[in-house]
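Hello,

Here is the structure for your cavity work. My notes follow below it.

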Amino acid sequence: MAVGWLGFAVLPWYGLDSNFFTLSWLLDGYPFNGDVAPALFLVLQGEKPWLAPMGMLLAAPFLLWGREKSDPLFAALLIAIGAAGFSWLLFQGFAIGLQGFQFDWLTALFGELDDRQFGMGYGALLTAGAFLFLFTLGLAGRGAVGGDVFVVGSIGFVVAVVSLFIFMPIFQMLLSALITEEGSYSLATFFAKLFSHRLWGLGCLAGGSRCGVAWNSLFLAVLVGILTTLLGLIFALVVTRTGFRYGRLLRALTVLPIITPPFVIGLAIILLFGLSGAMTQTFAELFGVQPTRWVYGLPGLLIAQVLAFTPIAFLVLIGVVEGVSPSMEEAAQTLRANRWQTFRTVSLPLMRPGLANAFLLGFIESMADFGNPLVLGGNFDVLSTEIFFAIVGAQYDQAQAAILALVLLFFTLSAFYAQRFWLGRKSYTTVSGKGDAGVHPHLPNGLKYSVYAVAGAWAAFTILVYATIFYGSFVKLWGVDHSLTFTHYVKSFAIGWNEFGIHWIGSAWSSFWTTITISLISAPLTAMIGLLTAYLLVRQDFAGKEGFEFGTMLSFAIPGTVIGVSYVIAFNVPPIELTGTGLILILSFIFRNMPVGVRAGVASMSQIDRSLDESSLTLGANSWQTFRNVVLPLLRPAILAALVYSFVRAMTAISAVIFLVSARYDMSTSYIVGRVENNEYGVAIAYSSVLIAVMLVVIGLMQLAVGSRKLGRRGREDPQSAGWRSNVSLPARQQPAFTGGG
C-alpha cells in the first residue's frame, strides 16, 4: 500500500524521461505540469478523472485494518482489490488512443479528451506493482502454492513481466503475419508464404545449388549445437578433471569469443581464410593450388559460430561438471570400476542436464545469429538474415518477416521439447546435505590426452584469430598498407583537457559510456530474474508450470532482429512509450538474455537435493531466507554464468540494438557497424579490442564478487599432487603434526 500510494500521490504518472532521476519534477514545485504530475494531483484538478478509481482501490485495504490474516475476507478482498486495480490500470491505458478514447461509452462517461494520451511513467509502474502484489498476497492467503507469500509473489511477478515484455510485443509482431499488402488479413496469403519453395525447397538433394532457407538454418544449428557442446565439455573437463595448471588462463581464453563484438570474428576469418587472406595465400604458395572462396557459406559460418558459441556451452557445463559428487565416482572405483568405466557410466550420465542445456543454447544461438551469416553467408541463406532483409530491405515485408520468425520459433521450441524428452524424469541430484569429502578422480590417460589435443588445437586457433584482430587494429589498411599506427585508437578514444577538466575528444566515447552503463544495470537484473525463475521451475509445483517455462524461453527462441522490431511496434506509442529511452534497451537485454540464467540455474539446481531446502524450512526459515541463504550460495557457477553472459551480450548485441538506439542512447555495436559500413575496418577492430579488454576486466571483477562454490574438499589442492598416497582420513590422534606456515 505504501508503494502504491507513493506511485499514485507522489511520483509522476506520465512521462518516462530523465526528469525522474534529476528530481526536476519535485524541485520545480507545485503546480505540476501535465507531463510530470502525480495521478492524485491530476484527479484533484479534474484533469484525469479516470484515474480516480485506482486511488479508491488503494484506500480499500484500510477496511481490513485489525482483521487477522487468517480471516477469509482478508484474502478475498485483497484478490479483488489487486485484480480490479491492475486490470483498470491496463484498461485505461490501452483504451485511450492518440486521438482520444477508443470506446464511445468512455467518451460519454468522461467527456472528450483535450489532449493526447501520454506514456505512463514511474508512478504508474509502482502503482501497478502494488496492485500485483496485493493480488498475489491474497492468493497466498487462500492457500495457493502452500500459502507461501514469497513463492506466489515471485510467480506473479515473473508472469507479469514476461507477459508484458515478451508475449505482448511478440504477439503484436506475429499478428502481422496475416496482413496482406493491402492491409487486410488473409489466411491464404499466410499459407502461401509459409510453404513457399524458397523456404522448404530441397533442390540441393537433387543436384541443385540450394536448399530452402529453413533446412539450411536447421542443419547449421544442429551442427553448431553438437560441436559447441562437445568443445564446451572438453574445456570443462580439462579445467576440472586433468590437474591442468593453467585453468584460469584457459577459462579466459575460452570466454574470449563470447566477449567479441559482432562482425569481428567474421572479419578476422575473412582476413585469414578469404580469397586474399593470409592463411589462404600462404597455403596456395606452399602447395601450388588456386585460392578459392571456400570460407563463404556453410564452412565459414560453421567455424565462426562454433568459435563464438562454444563459451556459452563452457559456462553452462563448468558448474555441472564440478557439481558431480566425487563420492559416487569413488563408490564406483571401490566396486572395481576403472577410471574410464567410472567416467562413462557414472560421471557422464550425471552431466546430462548440462549437456542438454548446452546443446539447446548453442542451437538457439545459431538460429538467432545474423551477424556472422551477414558477413560469411554467401549463397548459404538462413532464416535470421532473411528476416533482417525482409524488415530493413527495400521490400519491407513485415508479414514475410513474421512468417519466417514463426518457422524459426517452431524449430527452437522443437529442440526445447526434444531436450526435455531426452532428460526424462530421471534424478540428477548429486549435492545433498550429507558430508562430502571426496575429490574428483582424474580422467583416464587416453581420454585425458585426447581432450588435451582437441582443446590445445582449438585454443591455438582461437589465439590465431585474436592475434589477427589485435594486429589488425594497428595496421593502417589491411591488405594494402601494413605499417603500424595508433591512428585508429586516437580517432576513437582521444582525451583532451580544457578549463572544465577532462574532455572526451574521441568519437567513440559517447557510445562507450552509454554501453557500459546500460550493460552494468541490465546484467544483475537479468541474473536475478533468471535465477529466480529457475528456482520456481525446479523447486516449486504449480498450475501452468509448463506454460510458465515456455514463456521464459520464448524471447531466446526469437531472433534479436524480431525482438527489436516487435519492441518498436509495441512500445513506440502510449500507454507504454519507451522508444528513444535507455529503459527500452535495458528491458530488451533483460528479457532477451534471461533464458541463459534460467537454463544455467536449472542445470545447477537439478543437482542440489531438495532436502537442503526442507531442512531450512523445518528449522523455521521462510522460502525467501532459504533461497537467499541456502540455494543461492550453491548456485555461484550459475550466477557467474548469468552475470557474465548477460553483461557481455549487452556489450556486444547488435540484432535488436540497431532498431532501439537513439541519438541520446547510442551503443558501441551500432557505432562499430557504422564504421564497417564506411569501410573503416581499422577503427571498428580498434574499438572492438578496447571493448574486449574492458569486458575481461569486468568479468574478473564479477568472478571475485561472486566467489566460488565450496563443496567438501572440492576446489582444494589435489591430494595426489600434494604427495598423498591415500584418500583415507586418519583419526585426529594419528594425523601428522605440521609446523610452520604451510
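A cavity here is a set of points, on a 1 Å grid over the protein atoms alone, where a 1.4 Å probe fits but cannot get out. Points are joined across faces, edges and corners, and a volume is the space filled by probe spheres set on them. Lining residues have an atom within 4 Å of a point.

This is a predicted model, in which local features need pLDDT of at least 70 and side-chain atom pairs count only at pLDDT 80 or more, while totals for chains, interfaces and linings use all residues. Residues are numbered from 1 along each chain as its sequence is written, and side-chain values use heavy atoms, with hydrogens and water left out.

Cavities

The largest cavity holds about 490 Å³. The count is eight cavities of 30 Å³ or more. Helix α28 gives the most, with four residues. Helices are DSSP runs of H or I, at least four residues, and strands are runs of E, at least two, numbered from the N terminus. By class, the lining has 18 nonpolar, eight polar and four charged residues. Nonpolar covers Ala, Val, Leu, Ile, Met, Phe, Trp, Tyr, Cys and Pro; charged covers Asp, Glu, Lys and Arg; the others, Gly among them, are polar.

The second largest cavity has a volume of about 60 Å³. Its lining includes Phe235, Leu307, Trp458 and Thr462. α13 (247–255), α16 and α23 (445–472) each supply at least two residues there. Seven of these lining residues are nonpolar, three are polar and none is charged.

Chain and core

The protein chain has 34 helices and six strands. Of its 742 residues, 54% are buried (under 20% relative accessible area, 1.4 Å probe, protein chains only).

The largest nonpolar core has 187 residues, and Tyr567, Phe571 and Phe591 touch the most other members. α16 gives the most to this core, with 16 residues. A nonpolar core is a set of buried Ala, Val, Leu, Ile, Met, Phe, Trp, Tyr and Cys residues joined through side-chain atoms within 4.5 Å. Beyond its neighbours within four places in sequence, Phe571 is in contact (heavy atoms within 4.5 Å) with residues including Leu164, Phe165, Met168 and Ile584.

Best wishes

Terms used:
1 Å grid on protein atoms, 1.4 Å probe; cavity = no way out; pocket = protein on both sides within 12 Å on 5 of 7 lines; lining within 4 Å. Buried < 20%, exposed > 50% of the residue type's maximum accessible area, 1.4 Å probe, protein only.
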